[in-house]
Amino acid sequence: MMISHFEHLVNEEGMSWGLEAAIRGASERLMPILMTATITALGLLPLALGTGEAGREIEGPMAIVILGGLVTSTVLNLLVLPTPGLALRTV
């Protein structure tokens, strides 16, 4: 979604590939990404907090791993994903 948004900014709105397009595209996609990650994290939080309860030996650790992946993927999506696209487009 973010790469297609960058392409929309360049093709439809006439921006050039560069730092300005990356910052604008990432800032415009920031809120939808954070809302999705927050709602997912809130849904998994009860499972992660109930790790020590009987019957949740698998669900609790799995929820913790999913929450860690959610945080990592959100950060990578906002910070690392725009970088290769910018490097390829400026060459």
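Visitor: Which residues of α1 meet which residues of α2?

Guide: Contact means heavy atoms within 4.5 Å. In this predicted model, Met2, His5, Phe6 and Leu9 of α1 meet Ala21, Ala22, Arg24, Gly25, Ala26, Glu28, Arg29 and Ile33 of α2. By class, that contact has 7 nonpolar, 2 polar and 3 charged residues. Ala, Val, Leu, Ile, Met, Phe, Trp, Tyr, Cys and Pro count as nonpolar; Asp, Glu, Lys and Arg as charged; the others, Gly among them, as polar.

Visitor: What ground rules apply?

Guide: Residues are numbered from 1 along each chain as its sequence is written, and side-chain values use heavy atoms, with hydrogens and water left out. Local features need pLDDT of at least 70 and side-chain atom pairs count only at pLDDT 80 or more, while totals for chains, interfaces and linings use all residues.

Visitor: At what angle do α1 and α2 cross?

Guide: Helices are DSSP runs (H or I, at least four residues), numbered from the N terminus. Axes are lines fitted to C-alpha atoms over the stretch in contact, and angles run from 0 to 180 degrees between N-to-C directions. Here α1 (residues 2–11) and α2 (residues 19–49) cross at roughly 135 degrees, their axes coming within 9 Å. That makes α1 oblique to α2. Under 35 degrees counts as roughly parallel, over 145 as roughly antiparallel, 65 to 115 as roughly perpendicular, and the rest as oblique.

Visitor: Is His5 buried or exposed?

Guide: Buried means under 20% relative accessible area, exposed over 50%, partly exposed in between (1.4 Å probe, protein chains only). His5, in helix α1, has 18% relative accessibility, so His5 counts as buried. His5 touches Gly25, Glu28 and Arg29, not counting residues up to four places away in sequence.

Visitor: How do α2 and α3 pack?

Guide: Their angle is about 170 degrees, with axes 9 Å apart. That makes α2 roughly antiparallel to α3. The contact includes Leu30, Thr40 and Leu44 from α2 and Ile66, Leu67 and Leu70 from α3. Its residues divide into 15 nonpolar, 4 polar and 1 charged. Thr40 counts as partly exposed, at 35% relative accessibility. The C-alpha atoms of Thr40 and Ile66 are separated by 9.6 Å, though the residues are 26 apart along the chain.

Visitor: Where is confidence lowest?

Guide: pLDDT is the predictor's confidence in each residue, from 0 to 100. Helix α4 (residues 82–90) is lowest, at a mean of 58, and helix α3 (residues 59–79) highest, at 87. The protein averages 81. Where pLDDT is low, the predicted coordinates should not be read in detail.

Notes:
Helix = DSSP H or I, 4+ residues; strand = E, 2+ residues; numbered from the N terminus.
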